[in-house]
Amino acid sequence: MENPQLGKILIIDDNEDLLFAAKMLLKKYAKEVTIEKDPRRIPFLVNNNSYDVILLDMNFTEDTTSGKEGFHWLKQIKEIDPKAVVILITAFGDVEMAVKALKEGATDFILKPWQNEKLLATLTAASRLKESYDEVDKLSKKQKQLQSDAKKPYTDIIGYSASMKNIFSIIDKVAQTDANVLILGENGTGKELIARAIHDRSLRKDEIFVGVDMGAITETLFESELFGHKRGAFTDAKEDRAGRFEIADKGTLFLDEIGNLSMPLQSKLLTVLQKREVTRIGTNKPIPVDIRLICATNMPVHDMVLDNTFRQDLLYRINTVEIFLPPLRERQDDIPLLAEHFLKIYSQKYRKTFKGFTPSAMQLLQRYNWPGNIRELQHAIERAIIMADGEDLDSRDFFFLSAKPTNEKIATPATFNLDEVEKTTIQRVIDKNGGNISKAAKELGLTRASLYRRLEKYGL
């Protein structure tokens, strides 16, 4: 048997020979093994330590047959730590009591005298269960922290223009329902922020929000990522894995760039949405899922339906309510608010002080076409703050915008140094795609990882 990696283990039994034998066996597999023959020390131990698995005898010297002591101490442990993973040690004749104890909160039981392989296998499974409990707890705490940060309405969505006020109104109406929402808009307009705002104001706000970039998932990994897989289902499936649908159960699933899915993948997605259940690769067992679905795309999906590149029945399924996010060039009244917002964020990040923007700078920001929308504005202000020296950001600090027409043509490079040419080309393509790394990498013919390495190399 491959050595399992166990965490901290506590063993409570009045048989000292059994305790030492168990410790000798487990010390090479576990991070720490604590043994205790007196069950009265259980409250102290559990209150002052965190154990991954607790092995608890059912009977002690005061009562060797009824199992009452085991039930008593199991209850004590679960009151102190409701998520404690407890495995009962019991004799063959006490199996019925052990089964009853499982209903009282025990995780499993092991018969004595045990087989070493069986004990290790049971502890390994219990340790994995404890890890999953801890992971779920972390996710839950993270979500609650996100919720506590959202004390003001639409804190992260900046805008007082008429179009944004209309969007806020739609969010208020749709959030309290479980209606599927499709968010349309160009890259960089803030579609994920809108999705999170809907989730944060929904009846599922205390559950998890799971976002998936559909444009970054390959055809071969689609089912594994979304629906999960069983260990051994394919070459790299080294362990059981839940898909994004399962992880988002009871919460909100946000599928971004859904317009990029091929027709076969659209069909698989539609089947899951219709049945409200997923089947992991390598199994035949359907798993029910309860999710609130929000999708987004920058693609013209209604035109794609006419061109037979997007399924009409899938569109009907995902767009109970549609929200269209206007591009930044149509929200000029919001540009000063957004600019001030990013100025505050990046001034703090880079420990620099600026009073604001000069009139010429603000005029430039409002006149510029912003093909990359809010994401490009954010990137532009961060870049200007890093390079600027004055008390206010001036139009000269945004030279890279004023020197760049809307329909930019590739100019003859000023140098033929290959590194400089590559650096300039990468910057142009990233700017063209509004900072979207996935799209920039695709246009450059690179993987995302390769593009990130070049960004780091050139300090972009």
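**Close-up views of a predicted protein chain**

The protein chain has 19 helices and 16 strands; both are DSSP runs numbered from the N terminus, with helices (H or I) having at least four residues and strands (E) at least two. This is a predicted model, in which local features need pLDDT of at least 70, side-chain atom pairs count only at pLDDT 80 or more, and totals for chains, interfaces and linings use all residues. Residues are numbered from 1 along each chain as its sequence is written, and side-chain values use heavy atoms, with hydrogens and water left out.

**View 1. The whole chain at a glance.** Of the 460 residues of the protein chain, 45% count as buried. Here buried means under 20% relative accessible area, exposed means over 50%, and partly exposed lies in between (1.4 Å probe, protein chains only). Among contacts with a separation of 6 or more, 69% come from residues 24 or more positions apart; a contact means heavy atoms within 4.5 Å.

**View 2. An open sheet with parallel pairing.** Follow its 5 strands in the order β7-β10-β13-β6-β14. Two strands pair if DSSP finds at least two bridges between them. At the edges you will find β7 (209–213) and β14 (321–324), each pairing on one side only. Neighbouring strands are turned by 20° against each other on average, direction ignored. Now look at β6 (residues 181–184), which pairs with β14 in the parallel sense over 4 bridges. In this pair, I183 stands opposite I323 of β14.

**View 3. Helices α6 and α7 cross.** The axes of α6 (residues 162–175) and α7 (residues 191–200) come within 9 Å and cross at roughly 40°. Axes are lines fitted to C-alpha atoms, for helices over the stretch in contact, and angles run from 0 to 180 degrees between N-to-C directions. The two helices are therefore oblique to each other; angles under 35 degrees count as roughly parallel, over 145 as roughly antiparallel, 65 to 115 as roughly perpendicular, and the rest as oblique. To find where they meet, look for I167, I171, V174 and A175 in α6, and I194, A197 and I198 in α7.

**View 4. Helix α15 from end to end.** This helix (residues 373–387) has 15 residues and should span 21 Å at 1.5 Å a residue; its end C-alpha atoms are 22 Å apart, which agrees. The expected span is 1.5 Å times one less than the number of residues. Among the buried residues of α15 are I374, L377, I381 and I385.

**View 5. Helix α17 and its partner α19.** Helices α17 (residues 418–432) and α19 (residues 448–458) pack at an angle of about 115°, with their axes 11 Å apart. Their crossing is left-handed. D419, E422, K423, I426 and I430 of α17 make the contact with L451, R454, L455, K457 and Y458 of α19. Also in α17 is Q427, which is buried, with a relative accessible area of 16%. Leaving out residues up to four places away in sequence, Q427 touches H379, R383 and L460.

View 6. S438 lies in helix α18 (residues 437–444) and counts as buried at 16% relative accessibility. The C-alpha atoms of S438 and A216 are separated by 6.9 Å, although these residues are 222 residues apart along the chain. Not counting residues up to four places away in sequence, S438 touches D213 and R448.

Key
A crossing is left-handed if the near helix is turned anticlockwise from the far one by less than a right angle, and right-handed if clockwise.
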